[in-house]
Structure formats: C-alpha cells, structure tokens
Amino acid sequence: MTRARVSRRGVLKGAAAVSAVALSAPFVRGAHAAGKLAVGFWDHWVPGANGALTQLCQEWAAKEKVDITIDYITSQGNKNLLTIAAESQARSGHDILAFPTWQPADQAKNLEPVDDIMTELIKQNGQVNGTVEYLGRSGGKWIAVPATAGSQIKGPCTRIDLLKQHAGIDIQALYPAGGPPKADAWTMDAFLAAAEKCHKAGVPFGIGLGQTSDSVDTAGAIFQSFGATLIDAKGNITVKSDATRQALDFYKRLIAVLPADVSAWDDASNNKWIVSGRGALIMNPPSAWAVAKRDAPKIAEQLWTHGMPSGPKGRFAPFLPYFWGIWNFSKNKSAAKSLLVHISQPAAAEKMVAASGGYDLPSFEKLTTFKTWAEEGPPKGTLYHYPNPHNHQTLSIAAAPAPPKIAAQIYTQATLTKMAVRHAQGEAMEKTIAWAESELEGFSRS
C-alpha cells in the first residue's frame, strides 16, 4: 500500500502550483467541505498515474480545506479485495474506495447512493454505457461512480505487418486513425480465416483460454456476439440454446489454430506473446503495446489497437470498469461526494488518461476523444480507436445479463472458457452444455 499523506497546510502551500478546476458542488455544506477524508485508490501499474490523481485530490483539498489522506492499494495478491472485505465487515476505514468490476454489486448494502452525483455527471459528460449501469446501479439507485483510473477495453491489438502479409487485411484501413471505422467486413468469419492463415504462417493469434480475467473477458465478448447467454437478467438458465452451440463451434475451430498451451495462459501470457514477436494478434488494453514500446520498439511500431469483429448478433468489446464508491458509514459523505465530482470532470479525466499513456478510460460518452489517444505512438494514432470514439461496438462484460451476484461466480469460475476448452478437446457439445447447466444451477442456489 502506497500512502500519500496530504495535510491541510501542505495542500495550501502547494495550491499555487496547480490550476483550480471549477466545480458545481451542491454536495458541500457551507463554504467548504472541511474536516478529514480518507481515500483508498487502486495502485496503478503505470508510473506517474498515481501522481496525477494525487495532484487532482490536492487541488480539491486546498479549495475545500480538507485534510485528506490517500492510500494506493495494490491489486496484487487481491489486497484491494481484502481491504474492501475487511472495511465492510468492520464498518470502518476509508471514506472512499476504488471498487473493481463486480464489487459495487457485492457491497451494495454498504454503499452510499450517489444518484445526485451521477445525475450531474451524466448531464455534463454524456451517458454511460450499459455495462456501467449494470454494475454500478442496484435497487434502482446508483451505488458507485465509474472511475477513470483502471477502467479498460480489452480489444484486439494487432501486428499491422503480419496481418497484412499473411491474411491480406490492412487493419489501418479498417480502423483509420482520426476517422470512423470502415470495418463492416471485419466479422467473426473474417477473424477466424485470418487466424487460420496466421497460424499456417507460424505467427498465430494469442487468444488465452485460461481462467484469469483476460481469457474470460474475450470469451464473454465472443459468446455475446453470437447471442449466447448462460443466464438471463431474471436468473433463468438459458445456456441450452442454438446461440451457445454456435459460439462453441466457433471456439472449437479457433482453438485449433491457437498456440497449444492457451488453456493454461494467465493475464501475462498474451502480453509476452505479442512482445516476443511470435504472434499476430492478442486481446489487451494498451499495456502490451506500452511494454513493447519500452522493450521491443520495432514491434511496437507495428501494433494497432482497434475494434472487435462482429458476430451474428453484433459487435461486442470486452470492457472492465473500475468504480469509486463511498461507504454508507463514512463520516464525511459531503466531502466524499464533492471529491468524486471533482475527479470526474473532463479536465481531470484527461489528465489521468495522459498520465496513464492512454490506458485509463472514462465511461462517459463525451470523454472518448482526448488528444492522448489520437497522438500516442509509434505508430501515431495506434490508440485512436481504443476508447470506442465512434461508439461502433457494444461495451460488454462476460456473464451479463445474469444478476450480478450470479454473473460474478460465472466470471470467477471461468465457466465460459472451460466450456470452450472442454468442447475443443473432444467432449460432445451437448455434454459440455449439460456440464455448464449443472454448474449454473449451483451458482443460482448459492
């Protein structure tokens, strides 16, 4: 845990160094929020990203005369999840915490409603996508604010040269920098054909089928593109469908042309695959490109981040949002709400995006065209389509639309990737579906 202790005196001393950001802050009683505030943010992997968020908090604290304490809590070893669990049980700790994807729904009864914040932010920044609503609302109320820091799309990161040479696809023409996609021909069939050609050429796609987040996120988007859901929004088990059969058949053909060990891959494996130069495509946020830029610059110059292929039911991209939430046992809810409004302003979001090298992703529709994504390189424009600026794909999460507490189990247990691997390894499709149905019945009862 990294701590940034910011006293009121220290904040006021440094306030002249940072420009003030105008706030509409109806959440602050009196002239200033005042008092003390303890905040626990996710400890970012990008050097400098924590510093940008700290500076934003300092400028707010100086204006509102708040004595703020900031902790950066690592996700390594699930320390952030352990912190959330411990504080909810003790009903004591930070006023604000960063909550990973499924945690707001899990902690809904312990979180302060933030409809007042979200009403203003949506009016200002535009609508949020359906996945953010699915995860950030409970009982008809907003229970968390979508965070810029940590939120990400895990779409394709492609070798421009290898895809063009071996599959005859100019990915920059389909997703031109600075312009809308021209990707009608970028379908699941085209994706599979390209994977087959790259495999034959000795540079296969690196699509994980393990039990960690990257693999599950990809599987979720692919299943959804075929219209395959395991459990519907009402909790009914719907896995036994033609759509599921189509998704499993697609995966069986895809897995046949992927690296032999993909069922054992973790979240580092696909990054290593593309940086090593052995593959033509992976599914990842800009972290793999950033590592290549540092460790393998010639490979980085050939990487292009872009949209997902479309299936029979549409184009779905894996989206993994973070949230900021306020405990309902916080002793300074007014100040907490004021801070969340401040760090959700467009200028604040843009600062975080720049500090993270384009990795961080605001969830509001008007905040997808910052210059960082247009200008980052090499090659220049490689991240232009990363934030989905033309809204040409649906940002989704695996296991939706099942009720979040059931979906979280499907996600954590990697039911989707297990299904794909079982069938690809020779298990009859109906037996695979029956196995999944049994698993889902157990999740629904728990």
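Start by selecting Phe205, and leave aside anything up to four places away in sequence: the residues it touches (heavy atoms within 4.5 Å) are Leu163, Phe191, Ala194, Ala195, Cys198, Leu258, Pro259, Trp273, Ala280 and Leu281. Before moving on, note that this is a predicted model, where local features need pLDDT of at least 70 and side-chain atom pairs count only at pLDDT 80 or more, while totals for chains, interfaces and linings use all residues. Residues are numbered from 1 along each chain as its sequence is written, and side-chain values use heavy atoms, with hydrogens and water left out.

Now widen the view to the largest nonpolar core, which has 146 residues. Such a core is a set of buried Ala, Val, Leu, Ile, Met, Phe, Trp, Tyr and Cys residues joined through side-chain atoms within 4.5 Å; buried means under 20% relative accessible area, exposed over 50%, and partly exposed in between (1.4 Å probe, protein chains only). Phe205 is among the residues with the most contacts inside this core, along with Leu37, Ile68 and Ile343. Colour strand 11 too, as the largest share of the core, eight residues, comes from there. Helices (H or I, at least four residues) and strands (E, at least two) are DSSP runs, numbered from the N terminus.

Next, helix 5: select residues 115-125 and pick out the buried ones, Ile117, Met118, Leu121, Ile122 and Asn125. They sit on the same side of helix 5 because they cover an arc of only 120 degrees around the axis, taking the directions from the helix axis to the C-beta atoms. What do these buried residues pack against? Show strand 6 (141-142), strand 7, helix 15 (333-342) and helix 16 (346-355). After helix 5 comes Gly126, with a positive phi near 90 degrees.

Stay on helix 16 and select Lys351. Not counting residues up to four places away in sequence, Lys351 touches Ala52, Gln55, Leu56 and Glu59.

A pocket is an open set of points on a 1 Å grid over the protein atoms alone, where a 1.4 Å probe fits, with protein on both sides within 12 Å along at least five of seven lines; lining residues have an atom within 4 Å of a point. The largest pocket has a volume of about 1,400 Å³, a volume being the space filled by probe spheres set on the points, which are joined across faces, edges and corners. Of its 42 lining residues, zoom to those closest to the centre: Ser75, Asn78, Ser213, Asp267 and Leu320. Helix 18 gives the most to this lining, with six residues.

The second largest pocket holds about 350 Å³. Among its 22 lining residues, Val128, Asn129, Asn388, Asn391 and Leu395 are closest to the centre.

Select Asn388 and Asn391 together. Asn388 lies in the loop between helix 17 and strand 12, and Asn391 is in the loop between helix 17 and strand 12. Neither is a glycine, yet phi is positive: about 60 degrees for Asn388 and about 50 degrees for Asn391. Asn388 is buried at 6% relative accessibility, whereas Asn391 is exposed at 62%.

Last stop, the prolines of that loop, Pro378 and Pro379. The Gly377 to Pro378 peptide bond is cis, with omega near 5 degrees, and another cis bond joins Pro378 and Pro379, with omega about -15 degrees.
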